[in-house]
Amino acid sequence: MSHFTTIKVQIKNAEILHECLEELGYQVARNAFVRGYNGDKTEAEYVIRQQNGYDLGFRRDGENYELVADFWGARINQQQFINSITKKYAHKSLMATVQAEGFNVEEEETLSDGTVRVVVARWV
């Protein structure tokens, strides 16, 4: 019986997802199996190997990615893990869009509540 759980995340860009995972310090395997309870495995595009044998994976589900893992064995704080990745992903996506649209970052600051404030401008 499989113990894998999937959580949909608002992540669409594979390249930015991969960059985020590596910048957060994770060693990422590409197109590998996510290991779970009792030797169960499932495929994922990006896999974070854990020492305890319970991996974390991201695989495409339609337009977005989903996180797949046996969370009982993975022993991570799911919300904290997802929040750290989605926060970095949102920032990197914004910066890519800003650059693609010809804007310049004028100011960037992290507020006391963790919110990142970015001011952009473009000459017209």
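This is a predicted model: local features need pLDDT of at least 70, side-chain atom pairs count only at pLDDT 80 or more; totals for chains, interfaces and linings use all residues.
Two residues are in contact when heavy atoms of theirs lie within 4.5 Å.

**The overall picture**

The protein holds three helices and seven strands, and from the N terminus these elements follow the order β-α-β-β-β-β-α-α-β-β. Along the principal axes, the C-alpha atoms fill a box of roughly 60 × 30 × 20 Å. Of the 124 residues, 34% are buried. If we take the contacts between residues at least 6 apart in sequence, 43% of them join residues at least 24 apart. The accessible surface is about 8,000 Å², and carbon and sulfur atoms account for 46% of that. As for charge, there are 14 positive and 18 negative charges, and their mean positions are 4 Å apart.

Helix 3 covers residues 78–100, which makes 23 residues. From first C-alpha to last it reaches 32 Å, close to the 33 Å expected at 1.5 Å a residue. At its start, a side-chain oxygen of asparagine 77 comes to within 3.2 Å of the backbone nitrogen of glutamine 79. After the helix comes glycine 102, which has a positive phi near 80 degrees.

Which residues of helix 3 are buried? They are Phe81, Ile82, Ile85, Tyr89, Lys92, Ser93 and Val98. Isoleucine 85 counts as buried because its relative accessibility is 1%, and the cut-off for buried is under 20%. Leaving aside neighbours within four places in sequence, isoleucine 85 is in contact with Ile11, Leu17, Leu21, Leu24 and Phe58.

**Aspartate 55**

Now to a loop. Aspartate 55 sits between strand 3 (41–48) and strand 4 (56–61). Is aspartate 55 buried or exposed? With a relative accessible area of 0%, aspartate 55 is buried. Its side chain makes polar contacts with the side chains of two arginines, listed here.

| Side chain | Polar partner (side chain) | Distance |
|---|---|---|
| Aspartate 55 | Arginine 35 | 2.7 Å |
| Aspartate 55 | Arginine 49 | 2.6 Å |

Not counting residues up to four places away in sequence, aspartate 55 touches Phe33, Val34, Arg35, Val47, Ile48, Arg49, Gln50, Val68, Ala69 and Asp70.

Key: Residues are numbered from 1 along each chain as its sequence is written. Side-chain values use heavy atoms; hydrogens and water are left out. Helices (H or I, at least four residues) and strands (E, at least two) are DSSP runs, numbered from the N terminus. Buried means under 20% relative accessible area, exposed over 50%, partly exposed in between (1.4 Å probe, protein chains only). Accessible areas come from the Shrake-Rupley method with a 1.4 Å probe; for residues, only the protein chains shown count as cover. Lys and Arg count as positive and Asp and Glu as negative; His and the chain ends are not counted. The place of a charge is taken as NZ of Lys, CZ of Arg, CG of Asp or CD of Glu. The expected span of a helix is 1.5 Å times one less than its number of residues. A polar contact is a pair of N or O atoms within 3.5 Å; within protein, one must be able to donate a hydrogen and the other to accept it, and residues adjacent in sequence count only if both atoms are side-chain atoms.
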